[in-house]
Amino acid sequence: MTGSKRLTQHDIAKLAGVSQATVSLVLNGAPAAMARIPQDTRERVQHVIRTTGYVADPIARRMAKGLNRILGVFTYEPAFPSEQADFFAPFLLGIEEEAQAQNYDLLLLTGAGVGRERKIFADGNRLRIADGCLVLGREFDRAELKRLVSGNYPFVAIGRREDAGGPVPYVGGDYTNGTRTLVEKARALGHEKLAYVGPSGSAESVADRWRGFADASTAGAELVLHVDEVGRPAGETLDVIVASGATAVFFIELADAVRVEAAARKRGLSVPEDFSAIVLGSHVRAERSHVQFTAFDIPREEMGRQATAMLVRRIEGAAPIEQILLTCEPVEGETLGPAPFGSAKKRM
């Protein structure tokens, strides 16, 4: 074949002396289909493909398989730029790396509405542009999650999710065991009066931390303080910590731990000499504090990678629902030490 005309499967079939359907089967390479084609026929088609330099039209191949090779990514909170940008960036990095490895493009689906009013199923919904969707967010809209579960559109949640009319496919971090390990480390260092700064529900990631804390705090440990919110003024939080006599304080949010530690220094208190501070998560920007907090690592990039691979399995092979929790390894840090002999309250 000569000239600038693009070769087609019809041209390859004519040169190889086979049907166009046979060329298509050889190009797609499905094992079951290939087994039905005699070896000499396969070799003849492959020889013509090599010698002519034929390259399959990627758009035509996508259409033939019914795929756009596009993965949607939806976040219930703005991913960038925003105060959550640091939180989402590692997930997105893992998603991008795996999507590239799987030869898929990414489409960021922002939905309708602003902030907490974002919706997947909004007017003019564009989910079907993508072959499937990854869904991120600290908290999901339960009605939308139930609709996704009951439908036939492939999706995977990043982060553990409770059933929503059926099991939810997800890849998450094992916050329960990560928290339990840190509490056990504190108990081994003699801490019996514990404080917890953060809510106990309602998002799964919050409930999992509380469950791990409660499970490991039985038999000898006393919860002397529970601040059931985040973002309180650091001075107020420090006041109640000191008044409670807690020797180990567990923070859901790194920002709270940073501010309380700074407030303690201003009052002449020292972490971990006066009380230990443990963060139930990992640093994203550790440079915001001069202190490396004892914590556990959230494998955000790996969660993004594995969720993307799971989504591709669901798209291409109709894989059954999987639920994967990745280990959150302890981060040693420098804010967990032996329990002091006297409480900070007594030394003030």
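**Close-up views of a predicted model**

**View 1. Glu261 touches Val271, His290, Val291 and Phe293, leaving aside residues up to four places away in sequence.** A contact here means heavy atoms within 4.5 Å. Glu261 sits in helix α11, and it's buried, with a relative accessible area of 6%. The burial labels go like this: buried is under 20% relative accessible area, exposed is over 50%, and partly exposed is in between, using a 1.4 Å probe and protein chains only. Before you zoom in further, note that this is a predicted model, where local features need pLDDT of at least 70, side-chain atom pairs count only at pLDDT 80 or more, and totals for chains, interfaces and linings use all residues. Residues are numbered from 1 along each chain as its sequence is written, and side-chain values use heavy atoms, with hydrogens and water left out.

**View 2. Val271 and Pro272 are joined by a cis peptide bond.** Omega at this bond is about 15°. Pro272 belongs to the loop between α11 (254–266) and β9 (276–279). Val271 turns up in View 1 too, as one of the residues that Glu261 touches. On the labels: helices (H or I, at least four residues) and strands (E, at least two) are DSSP runs, numbered from the N terminus.

**View 3. Helix α10 packs on helix α11.** The axes of α10 (residues 234–244) and α11 come within 9 Å and cross at roughly 75°. That puts α10 roughly perpendicular to α11. Axes are lines fitted to C-alpha atoms, for helices over the stretch in contact, and angles run from 0 to 180 degrees between N-to-C directions. Under 35 degrees counts as roughly parallel, over 145 as roughly antiparallel, 65 to 115 as roughly perpendicular, and the rest as oblique. Who meets whom? From α10 come Ala234, Thr237, Leu238 and Ile241, and from α11 come Arg259, Val260, Ala263 and Ala264. Sorted by class, that contact has 6 nonpolar, 1 polar and 1 charged residues. The classes are simple: Ala, Val, Leu, Ile, Met, Phe, Trp, Tyr, Cys and Pro are nonpolar, Asp, Glu, Lys and Arg are charged, and the others, Gly among them, are polar.

**View 4. Helix α1 meets helix α4.** Here α1 (residues 9–16) and α4 (residues 39–52) pack at an angle of about 120°, with their axes 9 Å apart. The two are therefore oblique to each other. The crossing of α1 past α4 is right-handed; a crossing is left-handed if the near helix is turned anticlockwise from the far one by less than a right angle, and right-handed if clockwise. On the α1 side, Ile12, Leu15 and Ala16 make the contact, while α4 brings Arg44, Val45, Val48, Ile49 and Thr52. By class, the contact of α1 with α4 comes to 6 nonpolar, 1 polar and 1 charged residues.

**View 5. What does the buried part of α1 look like?** The buried residues of α1 are Asp11, Ile12, Ala13 and Ala16. They pack against α2 (20–28) and α4. Just past the end of α1, Gly17 takes a positive phi of about 70°.

View 6. Arg69 has phi near 55°, a positive value in a residue other than glycine. You'll find Arg69 in the loop between α5 (58–65) and β1 (70–75), and it's buried, with a relative accessible area of 15%. Phi of Asn103 is near 65°, again positive in a residue other than glycine. Asn103 lies in the loop between α6 (85–101) and β2 (105–109); at 54% relative accessibility, Asn103 counts as exposed.

View 7. Ser202 falls in the loop between β6 (193–197) and α9 (204–216).

**View 8. Lys146 and Gly165 come together.** Their C-alpha atoms are separated by 5.7 Å, though the two residues are 19 apart along the chain. Lys146 lies in helix α7 (residues 142–150). Leaving aside residues up to four places away in sequence, Lys146 touches Ala164 and Gly165.

**View 9. Zooming back out to the whole chain.** The protein chain has 13 helices and 12 strands. Of its 348 residues, 48% count as buried. Take contacts between residues at least 6 apart in sequence: 70% of them join residues at least 24 apart. The chain exposes about 17,300 Å², with carbon and sulfur atoms supplying 51% of it. Accessible areas come from the Shrake-Rupley method with a 1.4 Å probe, and for residues only the protein chains shown count as cover.
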